[in-house]
Amino acid sequence: MKPSAILPDIRTEGDIKTLVDTLCHKATNDTLLGARFGAAARIHWPHYLTTQYRYWSSTLLGQGAQEGEPLPEQLAMPTSGPHIEHWVTLFSSAVEECFAGSKAEEAKKLARQMATRLSLTRTRELPVD
C-alpha cells in the first residue's frame, strides 16, 4: 500500500478500472464472498466488468451514459446481512488502497448507498454451486 500522501484521487477512466479490478480481485479471493463472485465470473464476468466500469465512470466522473442497473440481477451479489456489509468493507478497502481525496470518499459513500438500496430492493440471493 502506498503512503496516503502520494495516493491520487479518482480522476480518470483508468482510475475507475483500477478501482473495479482491485475490488473484484479482493472479492474473488475472499473467503466469505469468493464463491459467489467466482460463480458470477464463470458466466457474466466480462459483462459485469464493463457494466461496472461504465457505472462508476458515469457516477463519479460524469463520463459516458449510465446504462442499466450497476449490479444486474443475474449476478451473485450479496443483498443483506454480513455479506453486504463485508462487500462494503472490501469496496472501501479497495478505494483506500489505491486512492485518496474527495472522489475516493464519494465512491465509498456511493457504495454504502448502493448496498442499502440493494438490501431494500432485491428479494433473492443466488445459489452458489
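Guide: Helices (H or I, at least four residues) and strands (E, at least two) are DSSP runs, numbered from the N terminus. The model here is predicted, so to speak of local features takes pLDDT of at least 70 and side-chain atom pairs 80 or more, while totals for chains, interfaces and linings use all residues. Residues are numbered from 1 along each chain as its sequence is written, and side-chain values use heavy atoms, leaving out hydrogens and water.

Visitor: OK! How many helices and strands does the chain have?

Guide: There are 4 helices and 0 strands. Going along the sequence, you get α-α-α-α.

Visitor: Let's take α3. How many residues does it have, and how far does it reach?

Guide: Helix α3 covers residues 81-98, which is 18 residues, and reaches 27 Å from first C-alpha to last. That's close to the expected 26 Å, where the expected span is 1.5 Å times one less than the number of residues.

Visitor: Which residues of α3 are buried?

Guide: Ile84, Trp87, Val88, Leu90, Phe91, Ser92, Ala94, Val95 and Cys98. Buried means under 20% relative accessible area, exposed over 50%, and partly exposed in between (1.4 Å probe, protein chains only). Across the chain, buried residues make up 44% of the 129 residues.

Visitor: And how do α1 and α3 pack?

Guide: Their angle is about 130 degrees and their axes are 9 Å apart. Axes are lines fitted to C-alpha atoms over the stretch in contact, with angles from 0 to 180 degrees between N-to-C directions.

Visitor: Which residues make that contact?

Guide: On the α1 side, Thr18, Leu19, Thr22, Leu23, Lys26 and Ala27. On the α3 side, Trp87, Leu90, Phe91, Ser93, Ala94, Val95, Glu97 and Cys98. Contact means heavy atoms within 4.5 Å.

Visitor: Switching topic: is His25 buried or exposed?

Guide: His25 is exposed, because its relative accessible area is 53%. You'll find His25 in helix α1, residues 13-28. His25 and Phe37 sit 12 residues apart in sequence, and their C-alpha atoms are 9.6 Å apart in space.

Visitor: What about Lys108, buried or exposed?

Guide: Lys108 is buried, because its relative accessible area is 14%. Its place is in helix α4, residues 102-121.

Visitor: So what does Lys108 touch?

Guide: Leaving aside residues up to four places away in sequence, Lys108 touches Phe91, Ser92, Val95 and Glu96. Of these, Phe91, Ser92 and Val95 are among the buried residues of α3.

Visitor: Last one: what share of contacts join residues at least 24 apart?

Guide: Among contacts between residues at least 6 apart in sequence, 77% do.
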